[in-house]
Amino acid sequence: MTYDALVLGAGIVGVSVAVHLQRRGMSVALIDRKSPGNETSFGNAGLIQREGVYPYAFPRDLGTLLRYARNRSTDVRYHPSAMGTVGPFLARYWYHSEPARHAAIARDYSTLIAHCVTEHRDLIAVSRAGALLREGGWVKVFRTTSAMDAAQRDAERWRNEYDVPFERLDAAQLRADEPSLTHALVGGLRYTASDSVSDPGALVAAYARYFESLGGRIFTGDATTLQPHWSVQTEVGRIEGRRAVIALGPWADNVTRALGYRFPLAVKRGYHMHYRAQPDAKLNQPVLDAEYGFLITPMTGGIRLTTGVELGLRDTPPTPVQLAAVEPLARETFPLGERVDPVPWLGRRPCTPDMKPIIGPAPGHRDLWFAFGHAHHGLTLGPVTGRLVAELMTGDSPVVDPAPFRAERF
């Protein structure tokens with residue numbers, strides 16, 4: 001069996017690449033070890049972050065660094081045993097987070113972010129997944145006025161530079177919107193141009209069904225068996241492709257290293273748990289507690305509580321101490337009931353030190369393409385990444401300038 005393209009990885013990025021290639025007339029095989037949307041894309045906050053023009057930077061102020069160094073923060077934890085391996089990545093991440101460099105990165109990054117909502121809505125419409133979409137934005141809430149004022153200054157900068165709207169909600173307005181939240185909150189900022197979804201895994205599965213309806217094929221297979229020029233082992237045997245796309249998220253380096261590439265990739269781990277709401281309690285939209293570093297959001301499986309960042313090695317067994325730390329705080333914020341999931345879910349966000357994904361042709365191989373490294377914004381940027389890769393592969397005019405995301409920068 002020979003296809004025009006093999007797409008390795010059936011998360012939101014890989015599925016989106018496969019959809020856009022198939023829409024352009026290619027025959028596409030989508031290969032993963034699991035069914036679509038059941039790894040990193042499954043467990044996230046479900047946000048499509050139009051406001052996310054500035055990717056998450058490494059803190060540079062001494063007070064925050066000292067707080068994180070104590071390893072007791074609710075929003076960032078680290079594995080001391082992993083720092084020898086992760087340390088060089090963090091040093092480069094810190095370097096790129098300098099304000100002038102971060103602003104330059106945002107100018108590149110915002111070109112992708114600008115299309116995140118429209119590209120998702122396109123795929124949501126054709127895949128008939130509208131029941132999962134929640135329009136109207138999401139809310140970042142605060143316990144102190146000083147923290148809220150600082151966040152508003154950032155939001156004003158995003159609005160002035162990149163036309164990203166927001167609303168400031170005082171305590172009364174916040175309580176009117178979310179009456180079940182604690183009255184200890186002083187207010188919030190709503191990012192009105194963003195969307196969210198009630199089941200990210202189901203959204204990816206809907207996009208995958210649409211891909212199949214176009215004639216695409218999905219195979220269970222082992223991406224590490226990829227061989228030039230190009231073939232991969234699947235449950236039906238080895239299949240071949242005229243082109244290959246690596247969209248394996250945090251596992252991309254398992255394949256790229258075997259091909260001779262040495263990208264400075266790392267992972268930010270994170271956890272989630274679902275809860276029932278207490279009787280008469282309701283949550284209407286995603287809510288991020290900006291000062292404690294957790295998010296709660298209504299999902300089809302219950303109220304999902306997501307943690308911040310855990311810095312460690314990709315394959316280290318779960319250590320959900322962050323979830324244990326923020327669960328009591330989340331219960332104070334919203335009346336959560338009992339846990340729904342038997343164990344916490346662990347996910348891994350694939351990160352580059354300059355906070356930009358790697359998108360485009362492989363510099364050392366003909367007909368090999370990369371689409372990974374989206375960090376916190378994999379769900380947000382999946383469809384626009386898929387469109388960009390498909391345009392580059394078919395010679396169409398690209399929706400954005402691909403140069404800032406090229407692999408050669410490393």
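The dialogue below goes through the features of one predicted model.

Me: What should I know about the model before reading any values?

Reply: The model is predicted, so local features need pLDDT of at least 70 and side-chain atom pairs count only at pLDDT 80 or more, while totals for chains, interfaces and linings use all residues. Residues are numbered from 1 along each chain as its sequence is written, and side-chain values use heavy atoms, with hydrogens and water left out.

Me: How many helices and strands does the chain have?

Reply: Helices (H or I, at least four residues) and strands (E, at least two) are DSSP runs, numbered from the N terminus. The chain has 11 helices and 21 strands.

Me: Which annotation covers residues 4-392?

Reply: UniProt positions are given in the numbering used here, with feature names shortened, and annotations may be inferred rather than shown by experiment. The unreviewed UniProt entry records "domain: FAD dependent oxidoreductase" for residues 4-392. That stretch is 34% helix and 28% strand, and its end C-alpha atoms lie 14 Å apart.

Me: How does the radius of gyration agree with a compact globule?

Reply: The radius is taken over C-alpha atoms, and the globule rule is 2.2 Å times the number of residues to the power 0.38. For 410 residues the rule gives a value near 22 Å; the chain has 21 Å, which agrees. Along the principal axes, the C-alpha trace spans about 60 × 45 × 45 Å.

Me: What percentage of the residues is buried, and what percentage of the contacts joins residues 24 or more positions apart?

Reply: Buried means under 20% relative accessible area, exposed over 50%, and partly exposed in between (1.4 Å probe, protein chains only). Of the 410 residues, 58% are buried. Contact means heavy atoms within 4.5 Å. Among contacts with a separation of 6 or more, 77% are between residues 24 or more positions apart.

Me: How are the charged side chains placed?

Reply: Lys and Arg count as positive, Asp and Glu as negative; His and the chain ends are not counted. The place of a charge is NZ of Lys, CZ of Arg, CG of Asp or CD of Glu. There are 46 positive and 42 negative side chains, and the centres of the two sets lie 3 Å apart.

Me: Where are the cis peptide bonds around H229?

Reply: The bond from P228 to H229 is cis, with omega near 5°, and the bond joining H229 and W230 is also cis, with omega about -10°. H229 sits in the loop between β10 (217-227) and β11 (231-234), and W230 lies in that loop too.

Me: What is phi at D367 and at A375?

Reply: D367 is not a glycine, yet its phi is positive, near 65°. D367 belongs to the loop between β20 (358-361) and β21 (368-372) and is partly exposed, at 24% relative accessible area. A375, also not a glycine, has a positive phi of about 50°; A375 is in the loop between β21 and α11 (378-394).

Me: Is G382 buried or exposed, and what does G382 contact?

Reply: G382, in helix α11, is buried, with a relative accessible area of 0%. Leaving aside neighbours within four places in sequence, G382 contacts I12, V13 and S16. From G382 to H120 the C-alpha distance is 8.2 Å, across 262 residues of sequence.

Me: Where is H115, and what does H115 touch?

Reply: H115 is in the loop between α4 (99-113) and α5 (116-126). H115 touches V384, V399 and V400, not counting residues up to four places away in sequence.
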